[in-house]
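Me: I would like to learn how to read a few features of this structure. Can you take me through them in turn?

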Amino acid sequence: MSDILIRAARIIDPATRTDIEGDLLIRDGMILDFGPGIGRPDGVSVCEAKGAVLCPGLVDMRASLGEPGYEYRETIVSAAQAAAAGGITTLACLPDTKPAIDDAALVRLLITRGEETGSLSIFPYGAATRGCAGSELAEYGLLAEAGAVGFTDGRRAIATSRLMRSALAYASGFGAMIVQHPEDPGLAEGGCATEGARATLMGLPGIPAIAEAILMARDIRLAELTGGRLHFAHISTAEAVSLVRRAKDRGLRITCDTAPPYFDMNETSIGDYRTYAKLSPPLRTESDRQAILVGLADGTIDAIASDHQPRDAEDKRLPFAEASAGGAGLATLLAVTLAHTRDSALSLMAALDLLTARPAALLGIEAGRIGKGLPADLCLFDPERSWLVSAGSLPGKAQNTPFDGRALEGAVIGTWKAGRRVFG
Amino acid sequence: MNAPNRHLLGIEGMAPPTILEILDLAESYALLNRSGKTRRDLLRGRTLINLFFEDSTRTRTSFELAGKRLGADVINMAVSQSSVSKGETLVDTATTLNAMNCDLLVVRHNRSGAPALLAQKVDAAVINAGDGTHEHPTQALLDALTIRRRKGRLEGLVVAICGDIAHSRVARSNILLLTTMNCRVRVVGPPTLIPTAIENFGAEVFHDMRAGLAGADIVMALRVQKERMSGGSVPSAREYFAFYGLDAAKLAYAKPDALVMHPGPMNRGVEIDSAVADDPTRSLIREQVEMGVAVRMAVLDLLARGGI
């Protein structure tokens, strides 16, 4: 493979707070050098960045792939295409597939399937409970040895206090993280929208917003009791942000992520029974949305994940209560996040940190950084270039984007995985 | 002025002049119906399909009669659970109906928003005949017409809607319509059957029948599903009747000339006592059924002429 020079880029590496104009040289899949005036070796192939931003390939810490079991929604190959188009080079996938990822062989299989794409490293979560069925602990030790980066039941909360206590305690023996879907299952049962005036008007069964905080408050205490490592996925309410903030202030090892819909949209998006905006957790009020943005800007929230949930048209072309919850998110992760570096206190550096180095650190993996000698996993994007999100013409198979019709500024123009250009 | 709405999916967003237009036209149909000179040719050659995913003899018959009185070809399609469980989706059904060149599609479904979904997929004008816990617009219109005929007006009346507000599409449509027409709307029921934030829509919330009915011109009792009274929302039917069942003693809290309504079908002895339901001086329940046909004729008429 010949050397590649990405020329005249604005290079941002959030882990080292680097933000410089310069070039970046790739050799043998690694970053050989970067910065201003690093020269131009003979025979190098040149990519002109023309001032576009070059950052580490994004690390998406929460996505569902259709495989195994839901290939009609998404395959690993199609997800990898969508990821590459979204600048994502590393992804942690949820285990609530069919079968669930509760066996070491399945963890190895997913890792291999990721390697086969050549464009996406897949780090699977292991099931927190056998079959993600919520009753017996899965084999954390064996799963972790095979490469599982944490344990979760995916879209389903680990429900009983007793089981959560065991999960946190047992995982701590392997230094592993438990990732919780923070929603009290009893309060959420049968609901499909945030309880309030909108759900009432639309005649939709509601889930009170406090279903999130109630489970989080319990789990924070259980993490304290067990010394377990706890991460909350896709937090969506103001109260959730303040719970995490207080837990961190008390020195607890509690972390959390959120996903673009929760800081970009509010519950009005489900008007006209738009099932593409039916998500889990459901979209919240405007004040919750604002609180999530504050939590991102002040560092309380540790990562932004796509929360990619591929669905096909038949899963969504149903009355709202029957439609499957979840939105496609790989291709829009970066651009929706960038939109809020313009209208909130979230800086570009902090935003990219939330998409790269911080989730990589949570997962305990080598990714999300630009540095000499590191693999050349890179994302080049033009922050000014605008595009229209359109369900039906997104990269990959899943088209169920809640952002359908949204105009965005910030387009990925190139993605490199281990030095090989996989998009653009 | 907005372009007329091609469908009738709900009362939400309907302005007073539109409501009055429907009520006035329905009033004229009510008079015609009573005179017996009802058969008109307005909908000759048009096809009306009653598409009912949920059983409802009363509403279906009312639409059927309304369609026939206007000369439409009326077809009743009761979609059995079997074809739903065979995997035929709502959208498949819509495609089938489109192929039949149906003009007016009356839909009853147990899921909120199902008629709205169908309306996106069919060429016919869609009339919501009740969707889940969302809306039942023709019920609210017929209730308003019934009230107006007996009280001579809507504005300023105190209307107490009693019972399971949370799961009632009738309550939602009535609250929206009556508050739009400047009635003072109260909802009365146990806290577990009052939906969140209902006061945002202009309804005053009461948990006590004495306070809720005080000074009421109209008392509307709503059907309570049996399964709500098995401990989940209400401990038992007898406890419900004791505190919220509309009997003569509780009706006495309202104005002396207060009138009683019920959208039917009634659970006698649960949400309403037979003595009240059958009292010809107080009960409007029969008249509600009569006005139902007139209102549905008006709605079909307007939609066939281009919209509401």
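Reply: Start with a cut-off. Buried means under 20% relative accessible area, exposed means over 50%, and partly exposed lies in between. Keep in mind that this is a predicted model.

Me: Is A:Ile210 buried, exposed or partly exposed?

Reply: A:Ile210 has 40% relative accessibility, so it counts as partly exposed. The residue sits in helix α7 of chain A, which spans residues 210-226.

Me: Now a loop residue. Where is A:Thr97 found, and is A:Thr97 buried or exposed?

Reply: Look in chain A, in the loop between β7 (88-93) and α2 (104-117). The relative accessible area of A:Thr97 is 12%, so the residue is buried.

Me: What is A:Thr97 in contact with, leaving aside neighbours within four places in sequence?

Reply: The partners are A:Leu65, A:Glu67, A:Pro68 and A:Tyr70.

Me: Let us turn to a strand. Where does A:Pro124 lie, and is A:Pro124 buried or exposed?

Reply: A:Pro124 belongs to strand β8 of chain A, residues 121-124. Its relative accessibility is 0%, so A:Pro124 counts as buried.

Me: Which residues does A:Pro124 touch, not counting those up to four places away in sequence?

Reply: A:Pro124 touches A:Cys93, A:Val107, A:Leu110 and A:Ile111, and also A:Gly147, A:Ala148 and A:Val149.

Me: What surrounds A:Thr356?

Reply: A:Thr356 lies in the chain A loop between α13 (348-355) and α14 (357-363). With a relative accessible area of 0%, A:Thr356 is buried. Not counting residues up to four places away in sequence, A:Thr356 touches A:Pro14, A:Pro56, A:Gly57, A:Leu58, A:Val59 and A:Gly368.

Me: Last, helix packing in chain B. At what angle do the axes of α1 and α6 cross?

Reply: Angles of 65 to 115 degrees count as roughly perpendicular. The axes of α1 (residues 16-35) and α6 (residues 137-151) of chain B come within 10 Å and cross at roughly 70°. Therefore α1(B) and α6(B) are roughly perpendicular to each other. Residues making the contact include B:Leu23, B:Glu27 and B:Arg34 of α1(B), and B:Leu141, B:Leu145 and B:Arg148 of α6(B).

Definitions and conventions: Residues are numbered from 1 along each chain as its sequence is written. Chains are lettered from A and ligands numbered from 1 in the order in which they are written. This is a predicted model: local features need pLDDT of at least 70, side-chain atom pairs count only at pLDDT 80 or more; totals for chains, interfaces and linings use all residues. Side-chain values use heavy atoms; hydrogens and water are left out. Helices (H or I, at least four residues) and strands (E, at least two) are DSSP runs, numbered from the N terminus. Buried means under 20% relative accessible area, exposed over 50%, partly exposed in between (1.4 Å probe, protein chains only). Axes are lines fitted to C-alpha atoms, for helices over the stretch in contact, and angles run from 0 to 180 degrees between N-to-C directions. Angles under 35 degrees count as roughly parallel, over 145 as roughly antiparallel, 65 to 115 as roughly perpendicular and the rest as oblique. Contact means heavy atoms within 4.5 Å.
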